[in-house]
Amino acid sequence: PLSLQVQPPDPASIRVLRGHQLPVTCLVISPDDRFIFSASKDGSLIKCKWEVESGKRLCVVPGGKKGTEERHMGHASHVLCMAISSDGKYLATGDRNKMIMIWDAATCKRLHIFTGHRDAVSGLSFRKGTYQLYSASHDRCVKVWNVAENAYMETLFGHQDVITGLDSLSRDCCVTAGGRDGTVRLWKIPEESQLVFYGHQGSIDCIQLINEEHMVSGADDGSVALWGLTKKKPLALARQAHGMQDCQGLQQPYWISAVAALRNSDLLATGSYSASVKLWKCGEGFRKLEPLCDIPVVGFVNSLKFSAAGDFLVAGLGQEHRLGRWWRLKEAKNSICIIPLKRRAAAPSAEAPDSS
């Protein structure tokens, strides 16, 4: 398994990219691992493109005031989510003001605006190998779009509370986290059917597919869950995954604010505001969650992504949680951290190479 080869990163090797004035809410890495796109709570909403190797900021899209989106190139309210197509051509961003914007990733030019959601857009994902885009919203529904044709396709209903996150891979389906309705859902688009999964106690705030059969989710009760898409209950659950904090004399778990999976491997990362990002190994058959190491970062970890090659992890940090202003960590920097993941030299083994 890949996870056993990952060495705990040297904190001195973590690179910090500064440029956002306000908390970073979301980020994606281009499929070739060369660029990072990020967005923040900036009132003049800045969407940035960074070069991974040099750390240089390549383009910045300024925002405007609410209602001026048609004239400005940028959003006029907080961007909450973004996605990039698997060929790196299109970038999609979603904001609090119900809008989805489609961009040419190479030039940062805006190509189109999709409207139709009735509340904040909280999750976006392109179906792998296609220009089909799934979007999730606080209006409790999932919409399907064809970006190449600027076309709306359909709307899927079922969640009983705001949807907080969404992900997809190459199958014609997507998965969503339903906040306080306590469910994770798998939407099968052609069949117009959904599977409902139960397992967390709190609000389910983030979700990521690991491969076509398994996913990971995190909640504000501090738990991280591993799921198989054929079982209604978690295969593994780590409670208080980031430990406990003292809140006015009460012990409360640290919320899980971000999860990431290195696709088709057994390596996961989770973020909170506990001053660390944690790396995890999925134990045999995804039935165990085993902590590997803690990586020191200060702030709310609002977004986490592994590079496609698995040689680095990117964290979007802020003084506040991406969805609200419940409290601030004044010592945090609104920034992007690039965390290198070095592999140990694998000992030669007589076994066949592990497919994971």
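This is a predicted model: local features need pLDDT of at least 70, side-chain atom pairs count only at pLDDT 80 or more; totals for chains, interfaces and linings use all residues.
## The disulfide

A disulfide is a covalent bond between the sulfur atoms of two cysteines. The count in this model comes to one disulfide. Its partners are cysteine 59 and cysteine 108, with sulfur atoms 2.1 Å apart; the cut-off for such a pair is within 2.5 Å.

Cysteine 59 belongs to strand 5 (residues 57-61), while cysteine 108 sits in the loop between strand 8 (100-104) and strand 9 (109-114). The bond therefore ties together parts that are 49 residues apart in sequence. Cysteine 59 is buried, at 17% relative accessibility. Cysteine 108 is also buried, with a relative accessible area of 10%.

For cysteine 282, the closest cysteine sulfur belongs to cysteine 293. The distance is 14 Å, which is too far for a bond.

Cysteine 282 counts as buried because its relative accessibility is 4%, under the 20% cut-off. Cysteine 293 is buried too, at 11%.

Strand 22 (residues 244-247) pairs with strand 23 (residues 250-253). The pairing is antiparallel and runs over four bridges. Within it, aspartate 246 stands opposite glutamine 251, a residue of strand 23.

Together, strand 22 and strand 23 form a hairpin, with two residues between them. Glutamine 248 lies in the turn and has a positive phi of about 45°.

Methods: Residues are numbered from 1 along each chain as its sequence is written. Side-chain values use heavy atoms; hydrogens and water are left out. Buried means under 20% relative accessible area, exposed over 50%, partly exposed in between (1.4 Å probe, protein chains only). Two strands pair if DSSP finds at least two bridges between them.
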